[in-house]
Amino acid sequence: MEISCSRTSNESAIEIDASHMDTRELNGLLRELMLAGYERVVLRNVCGQRYIGTRLYSPERRVMNIEIHGTPGNDLGAFLFGHRIIVHGNAQDGVGNTMESGEIVIAGRAGDVTGMSMRGGRIFVKGDVGYRAALHMKEHGQKRPVIVVGGTAQDFLGEYMAGGIVILLGLYGAHNASFIGSGMHGGAMYLRGPVREEQVGSHVHISRADETDMEILRDHISGFIERFPDLALDLEHILDSEWTKLSPRSSRPYGKLYA
Amino acid sequence: MSVRRQKLYSKEICACSIFGAMSRAGERFTGERVIRAMASMHHRGNGLGGGFAAYGIYPEFREYYAFHLMFTGDAMAQREAKRAAEEYLFRNFDVVHDEEIPHSDDVYVRDPPLLWRYFLSPSKHGEDVHLSDDEYVVRKVIHVNAAIDNAYIFSSGKNMGCFKGVGYPEEIGRYFMLDRLYRGYLWTAHGRFPTNSQAWWGGAHPFGLLDTTVVHNGEISSYGTNRWYLEMFGYRCTLHTDTEVIAYAVDLLMRRHDLPMEIVARILAPPIWDFIDRMDARERRLLTALRRVYAPLLMNGPFAVIIAQSGRMIGLTDRIRLRPLTVATRGDMFYISSEEASVRLISPSLDSVWSPDGGEPVVCELYGGFGGRLEHEIAGPA
């Protein structure tokens, strides 16, 4: 395989030009780099390659920092196993699909089904997310996935959500999504600003965030502010807003559907 | 290692790709960048269909309808289809020029049909003299496609043309030499992953009637109802693919019923009743009437489409956006695509990028409308 890469002064870091690599080559290369002990990879000219960061499981739990310049393709960080991915731009559909652990930071917008079936780790999106974010997100024991979005989401946010935490900061405008939490049966969503009854699914309970909730919000929103310093956000100001909490009315909404 | 990779199954199961690029200033450009954008979404299709629609490509014949025909079957069937179709065309039209559609023999494509184009104007006789030119052309196109074996008119607008076939879109684009022979101000394209019907040259996208063309990702599960309704208005579905009904529905609603695109979108992808119930009285009355009158034209199932007409391009998805659509602008350029990366490939910097809500049409038009401009400014020398 012909690859164009240059070692930086740091021995464990490497820069890759991805312009002529297809999905399989790029992910194969990332795996080789991880096994060779690289800890930081900078990918330049990424354009549509899918599944970046997948297939990076190692029994000894090696962790890489993958920095992406360009526009990664669908299912970025699918099954991500403890690595950290930073995108300097927008991401497409399926960010963090079934991700296991680690962190994905998108310094732009993310597309549909962001965090679909996610079961651990955190996703931070500076802009908005598309349809069906957090679709069937889940949690188990200590593993509780988190999605923090600077803007808002389109329809079907948290559809069939089974666990985890979703936070929408609403920094750029009101939440206009419909069908929020359709079929939700676990986890919690926190939206800064008001949400109308008709915007949420029939399985969703709307309440004001309480003190325990505010601790959760403080933790993850400070993480968001840290990752996007250019937004110059004030943590206390953000927390001192109207926070709506959406939680499931039942853990088995369809228990009697086929009975 | 590379040997082992070649043995791995290299296809990921995916979906169609759609793409559109338009200069709102009417600047014409070759298909080269469109082909590159489509090639970047290669993996969405499976090589069983690719196609392009290009607007502003025949300025020297801009007053004439440009018919693109394919004649299928073996060599003898093709010759017979061409003879029968020409006999009909020459009887009903004044054909000012005809030629084989140029293609490159350097590009391998499977079972290409005989492809021919005709520039013509109506030559009406008898009762037909009362018909408008467009209506006359539509009736003749439907007749050829339904009644003449192995002959299909797959493009019938003025100063525009469809190019399509079985292959990956980048192969089809190079086969027709779209990167060298044509310059248009508006291009749409499609890479196909057929789900419910066989792959054949006529079944590739775009589908068109007059200058309306459609490229589509998804499936129309209401096809049977839509088709039955359209047949009452004289349309005949002959291409064995669901997308065809969208092109005819747009022709019926926009040309014959004279409805604007905003209303057409509400017919094809109407709001659900719960939403209509919450609208103000005036809007509720309108939407209720549309759903009642045009219920059989509701397009059910997942879809994202790009509809193009002379001077405008429209992006639309189903009501709950079960297929992706991203819109972007850069200066005078307007893009609609299945994936943002394909746009970034040909225009790394963008002024804005967004994904419209389900059922919300995105309409891009030439600056200052398109009637006069098209005729006199855009259609300059090739």
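In the predicted model, strand β3 (residues 65–71) of chain B is joined to β6(B) by four bridges, and the two strands run antiparallel. Within this pairing, B:M70 of chain B has B:Y152 in β6(B) as its bridge partner. Both strands belong to an open sheet of four strands in chain B, ordered β4-β5-β3-β6 with antiparallel pairing. From one strand to the next, the twist averages 30 degrees.

Helix α3 (residues 75–92) of chain B lies across β3, β4, β5 (114–122) and β6 of chain B, and runs at about 5 degrees to β5(B). Helix α4 (residues 133–147) of chain B also packs on the sheet, where it touches β3, β4, β5 and β6 of chain B. The direction of α4 makes about 140 degrees with that of β6(B).

A further helix, α8 (residues 244–256) of chain B, comprises 13 residues. At 1.5 Å a residue, α8 of chain B should span 18 Å, and its end C-alpha atoms are 17 Å apart, which agrees with this expectation. Of the 13 residues of α8(B), 11 are buried, so the helix is largely enclosed by the rest of the structure. The buried residues run from B:E244 through to B:M254 and include B:Y248, B:D251 and B:L252. After α8(B) comes B:D258, whose phi is positive, near 60 degrees.

Methods:
Residues are numbered from 1 along each chain as its sequence is written. Chains are lettered from A and ligands numbered from 1 in the order in which they are written. This is a predicted model: local features need pLDDT of at least 70, side-chain atom pairs count only at pLDDT 80 or more; totals for chains, interfaces and linings use all residues. Side-chain values use heavy atoms; hydrogens and water are left out. The expected span of a helix is 1.5 Å times one less than its number of residues. Buried means under 20% relative accessible area, exposed over 50%, partly exposed in between (1.4 Å probe, protein chains only). Two strands pair if DSSP finds at least two bridges between them. Axes are lines fitted to C-alpha atoms, for helices over the stretch in contact, and angles run from 0 to 180 degrees between N-to-C directions. Contact means heavy atoms within 4.5 Å.
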